[in-house]
Amino acid sequence: MSEKVLNNFFENTKVEALVSAKTNLDVKSLKSTQTVEDAVNYLSKEKILSAPVVDAKSSQVVGMIDFLDIVKFVISVSPDASQISENELNSLEIAGRAMAFKELSEVVNFSGKDPYVAIYADNKSSVLVDLFSKGIHRTAIVDNSDNLISVVSQSNIAQLLAENISRGDNKIA
């Protein structure tokens, strides 16, 4: 497979063409007013590592939440180990309760890693490839009103290539 063939494919394929009908039906997301505790439960139940967060009123995507954001938040509200004694477990309980009350809108990208970047469905797929080559692992695909359509990850691109490469003829099916 030549670089030219791959470049041509991604330059001439819109992002919306990469999003399967199956993906559209099953987009996992959370509301900005849900809590960190809700996110932990939801991500665990769905067996996913991250999900888009949508504004509870406008339904527009405000960012992505992942377990790294959650871990960084929990660490930030937890007492320092030197402050904890057998009789001071209350401070741990208080830190744990912070998860039950902190809204996701305040924790989105808390880690500062893998920032949220929206990709519009009518963009060229090459925009995704460029974004992923810079270390972004997944992104929300949105319409022109910033409403969530789907989520695409680096592994989705690898799967697309694996499913569509015609072996030996330098073409993508």
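In the predicted model, the side chains of Lys134 and Asp130 meet in a salt bridge, with N and O 2.8 Å apart. Lys134 is exposed, at a relative accessible area of 62%. Asp130 counts as partly exposed, at 38% relative accessibility. An α-helix has 3.6 residues a turn, so residues three or four places apart point the same way. Gly135 follows helix 7. The phi of Gly135 is positive, near 105 degrees.

Side chains of opposite charge can pair when their charged atoms come close. A search of the whole structure returns 6 salt bridges. One of them joins Lys28 to Glu46, with the closest N and O atoms 3.2 Å apart. This pair links distant parts of the chain, 18 residues apart. Lys28 lies in the loop between helix 3 (21-25) and strand 1 (30-31). Glu46 belongs to helix 4, residues 36-46. Glu46 is partly exposed, because its relative accessible area of 23% lies between the limits of 20% and 50%.

Lys102 counts as partly exposed, with 27% relative accessibility.

Aromatic contacts were examined next. A pair of aromatic rings is described by the distance of the centres and the angle of the planes. The count comes to 2 aromatic pairs. In one, the ring centres of Phe9 and Phe10 are 5.1 Å apart. Their planes stand at 75 degrees, so the pair is edge-to-face. Both Phe9 and Phe10 are buried.

Phe73 and Phe110 also form an edge-to-face pair. Here the distance is 5.7 Å centre to centre, and the angle between the planes is 90 degrees. This pair links distant parts of the chain, 37 residues apart. Phe73 sits in helix 5, residues 67-77. Phe110 sits in the loop between helix 6 (89-101) and strand 4 (119-120). Phe73 is buried, with a relative accessible area of 2%, whereas Phe110 counts as partly exposed, at 36% relative accessibility.

Conventions:
Residues are numbered from 1 along each chain as its sequence is written. This is a predicted model: local features need pLDDT of at least 70, side-chain atom pairs count only at pLDDT 80 or more; totals for chains, interfaces and linings use all residues. Side-chain values use heavy atoms; hydrogens and water are left out. Helices (H or I, at least four residues) and strands (E, at least two) are DSSP runs, numbered from the N terminus. A salt bridge is a side-chain nitrogen of Lys or Arg within 4 Å of a carboxyl oxygen of Asp or Glu. Buried means under 20% relative accessible area, exposed over 50%, partly exposed in between (1.4 Å probe, protein chains only). Rings of Phe, Tyr and Trp (its six-membered ring) pair if their centres lie within 6.5 Å; planes under 30 degrees apart count as stacked, over 60 as edge-to-face and the rest as tilted.
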